[in-house]
Amino acid sequence: DHIQEVLDKWTQIDDEIWAKVIVLERNRRVAKAYARAPVLTVNGSDDGFDGFRIGLCGFDNPMRDQKTEEFKRHIGHGVKIKMDDAGNILIKRVSKCNVYIKNTGQDEENAIGNDILKVPNNALDPEKPVKLFDMKKFQSNVNRELRRAYPDRRRLECQCLSAIAFVKNEQELLECPIWVLIINVVAMDMLKSKLPPDDPYYCGLRARVPNFVAKSKANKESLPSKRYSINQQQQQILMHQQMNMNHHQIHQHPMWHARSYESGIDSDAIESPYNQIYGRLPIPTRNYIPAQPRTMYIGEWD
């Protein structure tokens, strides 16, 4: 995984490095280099990599097919790539051959400049600088992803990749005969600050509190306990019976006898708001210990 390789060597990458460049022929990687020069040229020379230029014909590939060898001869002057002060990666086609920008995202969401997306097949016009990577667009995508319940870091990491295909364009990226992958180190650094790759579940974010939990806490702080004690019930029943005996001289009717346990739902011993959902389950770890059974007298059915 190209992204994981960068993350594994993150502490070894100098601050001057703004991108990692990987040269591929179809689905095979043939070379890789780190870009620190202000302007990087990718052309069809056989110079390999000298810090300022990457010559795509200067790398060996024992698995290279004949068609790929033929396409490489038409690359010519290739493209020039640089990063501006805002973190955008700009690209300019200086070659006579066709150059195409491929989407590396998991879906239609990407950080490719809109000027490129307007052109059929994302082909570059000669001598026209455009945004290969749009930092503002990427930041907007990051903020949108952070508002999701479960942000997908992998989805954003794929947008830090820019793929450039030379001469021949194929529908599948891994079928392109010669192409270059640019990993934006600056964008990954910004992503690491907003979405650290530590927690696989929350991705460094604070756990979101469900609405019913927040509502339960608010009610508990603002409202007194609504628990109605059995002693108060018994006291009112006895007072009612005494009034009937004094004023009406009526004998007490036989009462139904039952036993009741306090539920403890509103007791101070239980702090978790999840009890309103799981309170009916016999969870051994519940903090509530049932009180001793009390006798409660219930009157006749009306």
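**Entry 1: terms and ground rules.** I call two strands paired if DSSP finds at least two bridges between them. Strands (E, at least two residues) and helices (H or I, at least four) are DSSP runs, numbered from the N terminus. My model is predicted: local features need pLDDT of at least 70, side-chain atom pairs count only at pLDDT 80 or more, and totals for chains, interfaces and linings use all residues. Residues are numbered from 1 along each chain as its sequence is written, and side-chain values use heavy atoms, with hydrogens and water left out.

**Entry 2: strands.** I started with β5 and β6 (residues 89–93), which pair antiparallel over five bridges. Val79 stands opposite Arg93 in β6. The two strands form a hairpin with five residues between them, and Gly87 in the turn has a positive phi of about 90 degrees. I then turned to β3 (residues 39–43), which runs antiparallel to β5 (residues 79–83) and is joined to β5 by four bridges. There, Leu40 has Ile81 as its bridge partner.

**Entry 3: core.** Which residues touch the most other members of the largest nonpolar core? I found Leu56, Ile81, Ile91, Phe138, Ile164 and Phe166, out of 62 residues. Such a core is a set of buried Ala, Val, Leu, Ile, Met, Phe, Trp, Tyr and Cys residues joined through side-chain atoms within 4.5 Å; buried means under 20% relative accessible area (1.4 Å probe, protein chains only). I followed up Ile91: beyond its neighbours within four places in sequence, its contacts (heavy atoms within 4.5 Å) include Val79, Ile81, Ile101, Leu124, Val130 and Ile164.

**Entry 4: cavities.** A cavity here is a set of points, on a 1 Å grid over the protein atoms alone, where a 1.4 Å probe fits but cannot get out; lining residues have an atom within 4 Å of a point. Points are joined across faces, edges and corners, and the volume is the space filled by probe spheres set on them. I counted two cavities of 30 Å³ or more.

Of its 14 lining residues, Thr104, Ile112, Gln159, Leu161 and Ser162 are the closest to its centre. β9 gives the most to this lining, with three residues.

Among the residues lining the second largest cavity are Asp115, Val119, Leu124, Lys128 and Val130.

How values were computed:
On a 1 Å grid over the protein atoms alone, a cavity is a set of points where a 1.4 Å probe fits but cannot get out, and a pocket is an open set with protein on both sides within 12 Å along at least five of seven lines; lining residues have an atom within 4 Å of a point. Buried means under 20% relative accessible area, exposed over 50%, partly exposed in between (1.4 Å probe, protein chains only).
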